[in-house]
Amino acid sequence: MHSPTSPLPSPDKELAPSLLVVCGLSGAGKSTVLQVLEDLDFFTADGLPPTLIPECYSMFNRPGMEHFRGMALGVDFRHGGTAQALDTALNNMEGRPTRENGGTSRPALLFLEASPEVILRRYATTRRPHPLESEGMGLEEAMREERRRLVGVRKTADIILDTSRFTLHDLRREIQRRWNTTEAAKHAMRVNLISFGFKYGVPSEADMVFDLRCLPNPHFVEELRPLTGQNDAVADYVFASDSARAFREHFLDFLRFTLPYYDTEGRYRLTIGLGCTGGRHRSVAMTEAVAKALRQNGYIVGVEHRHSSLG
């Protein structure tokens, strides 16, 4: 059994399981952890009593679930759940078949905690009630009682994470660092690239916007005008000159330098707009080149050519 406290050790198959039960003290970050795991293509659900865990995990092997990297369930102990009930539910998973290895392990139990001072401060900031306040307790009494009730759960945890020193972004980064272990995606952050035409307007959702109207314009070449930047002839024309190729390489160097900083901050996505006059030739060609390069660097990249079919 593993019970590391933060920061967590480097990711490995044993300590970054694909079947996970998430629980812990209210205010320690369970909702954030489940949201990050959902962003990492886990199927997630929250507020479950321990008795439903085996039934929920049985869905993981059903048709239609193949695209999920894992399953993470948040457990709620307010409605009669006990440490013994949770341990029984997890032990009942032993030996059940999985799509990964044909015979399962018990789902790992991740327990989140934080110091009383930190939890008190978080509740004061959010102004949300503690779950046990509904039983007529004050906030500090509710915190003490919850900690007492979950002593047994904490003892059975495979992973204990103390989030006291974490900001929201720190916690996102920690979960991303630990569970984003696929070979295809070295970065948790998704990069969305939008080619567009300035004459139609700048994408309102763009975090960065770049003007490519300084590049050679295929619009003035009659045989290229009907095509888009996804056509090799158009891309070859745009990047035919030394200056255009230098622009492309310096632009890619800029992205390779800056994107890791955004990734480190725990962002889920970064949207970049690349514009030319009509959004048909130059911006499309550059977007395709950037998408190819970033995918080779391990980023998950989405591409939208917003105005390439206009005019």
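Setting aside residues up to four places away in sequence, His-307 is in contact with Ser-195, Phe-196, Gly-197, Tyr-200, Gly-201, Gly-278 and Gly-279. Keep in mind that this is a predicted model.

**His-307**
- You will find His-307 in the segment that comes after strand E9 (300-305).
- His-307 counts as buried because its relative accessibility is 8%, and buried means under 20%.

**The largest pocket**
- The lining of the largest pocket has 39 residues, and those nearest the centre are Leu-25, Ser-26, Gly-27, Ala-28 and Tyr-123.
- Two or more lining residues come from each of these elements: strand E1 (19-24), helix H1 (30-39), strand E2 (42-48), helix H4 (116-126), helix H5 (139-149) and helix H7 (168-179).
- With six residues, H4 gives the most to this lining.
- By type, the lining residues are 15 nonpolar, 15 polar and nine charged.

- In general, the strands of a sheet pair through backbone hydrogen bonds, either parallel or antiparallel.
- Strand E4 (residues 108-113) runs parallel to E5, and four bridges join the two.
- Phe-111 has Ile-160 in E5 as its bridge partner.

Notes
Residues numbered from 1 in each chain as written. Predicted model: local features only at pLDDT ≥ 70, side-chain atom pairs only at ≥ 80, totals over all residues. Heavy atoms only, no water. Buried < 20%, exposed > 50% of the residue type's maximum accessible area, 1.4 Å probe, protein only. Contact = heavy atoms within 4.5 Å. 1 Å grid on protein atoms, 1.4 Å probe; cavity = no way out; pocket = protein on both sides within 12 Å on 5 of 7 lines; lining within 4 Å. Nonpolar A, V, L, I, M, F, W, Y, C, P; charged D, E, K, R; others polar. Pairing = 2+ DSSP bridges.
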